[in-house]
Amino acid sequence: MVRALYSSYTGMYNEQKRLDIISNNIANSATTGYKEESVTSQAFDQMLAIKIRDGSDAYINRPVGDMSLGVKLGEVYSDFEQGPLRNTGGTYDLAIGGKGFFAVRVEDKRGNSSIKYTRDGNFTIDAEGFVLDSKGNHLQGRDGDLQVPVDAADISISQTGVVVADRVTVGHIDLVDFEDYDYLEKFGDTQYTATPGSEFAETSATIEQGYLEQSNVNVVSEMVNMITITRAYEANQRVMKTVDTLLDKAVNSVGRV
């Protein structure tokens with residue numbers, strides 16, 4: 001019975017974590033470039049059960065088979081399927097058509113810089129003409145931080161990433177892609193870090209100026225999943241209450257006989 005309590009507890013804990021992930025998806029359903037997260041479930045490693053001190057078997061310890069102690073969270077992964085593109089008309093609103101990422105330079109509180117990868121193309125420029133994302137990180141071009149003339153009357157960015165200011169080429173945005181997205185580690189809501197073992201890949205993706213890629217979260221599907229999780233949580237809760245009642249009777253009622 002105690003094992004049943006533990007199994008129902010692991011089930012409740014698992015559903016709570018799944019609910020946290022779904023809640024985060026729904027909260028970011030309007031976040032530009034956000035990719036939906038999902039999680040797998042898996043059983044704990046099987047354990048060998050052994051029969052001990054059994055008088056019917058000459059008190060010889062014998063294995064009776066394997067048993068599982070419940071369920072646990074498996075892998076949390078992102079769905080990199082492209083989200084819908086929304087036309088904004090903004091000069092520095094950029095969307096990626098196809099597989100690939102923008103590279104941005106992120107600086108921590110100690111002044112250390114690192115390159116992160118994102119699909120969030122909601123960019124602006126600062127007083128010096130540097131192109132920044134919504135968090136103030138520098139968009140990377142072929143020569144490092146991308147900079148455009150602040151007094152330019154016309155800025156155009158081609159699908160291949162060529163940046164032209166008043167008919168003069170001032171930079172080039174190269175999109176980055178990877179052979180295996182399993183080597184990408186999430187950093188914040190919309191950025192990713194390339195972990196050791198990651199390999200760059202060629203990409204045929206295009207840059208769409210004046211568009212933003214929306215989140216690929218299906219809110220209706222997430223709400224349905226939330227209802228399913230709630231019911232599974234309640235079922236485990238009922239199991240725990242039932243086992244608790246049986247233990248109470250075993251201790252307080254059967255023990256008196």
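Modeller: Helices (H or I, at least four residues) and strands (E, at least two) are DSSP runs, numbered from the N terminus. Glu15, for instance, lies in helix 1 (residues 2-27). This is a predicted model, in which local features need pLDDT of at least 70 and side-chain atom pairs count only at pLDDT 80 or more, while totals for chains, interfaces and linings use all residues. Residues are numbered from 1 along each chain as its sequence is written, and side-chain values use heavy atoms, with hydrogens and water left out.

Biologist: Does Glu15 count as buried or exposed?

Modeller: Buried means under 20% relative accessible area, exposed over 50%, and partly exposed in between (1.4 Å probe, protein chains only). Glu15 has 10% relative accessibility and therefore counts as buried. Leaving aside residues up to four places away in sequence, Glu15 touches Ile229, Ala232 and Tyr233; contact here means heavy atoms within 4.5 Å.

Biologist: With which residue does Arg18 form a salt bridge?

Modeller: A salt bridge is a side-chain nitrogen of Lys or Arg within 4 Å of a carboxyl oxygen of Asp or Glu. The partner of Arg18 is Glu15, and their closest N and O atoms are 3.1 Å apart. Because the two residues are three places apart in helix 1, about one helical turn separates Arg18 from Glu15. Arg18 is partly exposed, at 25% relative accessibility.

Biologist: How many salt bridges does the structure hold?

Modeller: There are seven salt bridges. One of them joins the side chains of Glu37 and Lys186, at 3.6 Å from N to O. That pair links distant parts of the chain, with Glu37 in strand 1 (residues 37-43) and Lys186 in strand 17 (residues 184-187), 149 residues apart. Glu37 is buried at 15% relative accessible area, whereas Lys186 is partly exposed at 23%.

Biologist: Which residue forms a salt bridge with Asp174?

Modeller: Arg142 does, with the closest N and O atoms 3.0 Å apart. Arg142 lies in the loop between strand 11 (138-141) and strand 12 (144-145), and Asp174 in the loop between strand 15 (168-172) and strand 16 (177-178), so the pair ties together parts that are 32 residues apart in sequence. Arg142 is exposed, at 56% relative accessibility, while Asp174 is partly exposed, at 34%. Furthermore, a network of salt bridges links Lys35, Arg119 and Glu213.

Biologist: How many aromatic pairs are there?

Modeller: Rings of Phe, Tyr and Trp (its six-membered ring) pair if their centres lie within 6.5 Å; planes under 30 degrees apart count as stacked, over 60 as edge-to-face and the rest as tilted. The count is ten aromatic pairs. In one, the ring centres of Phe80 and Tyr192 are 5.2 Å apart and the planes stand at 50°, so this pair is tilted. Phe80 lies in the loop between strand 4 (71-78) and strand 5 (85-87), and Tyr192 in strand 18 (residues 191-194), so the pair ties together parts 112 residues apart in sequence. Phe80 is partly exposed at 22% relative accessibility, whereas Tyr192 is buried at 1%. One aromatic cluster is formed by Phe80, Phe101, Tyr117, Phe178, Tyr181, Tyr192 and Phe200.

Biologist: Which charged residue sits over the ring of Tyr181?

Modeller: A charge sits over a ring if NZ of Lys or CZ of Arg is within 6 Å of the ring centre and within 35 degrees of the ring normal. Over Tyr181 sits the charged end of Lys99, 5.2 Å from the ring centre. Likewise, Lys116 lies over the face of Phe187, 4.4 Å from the ring centre.
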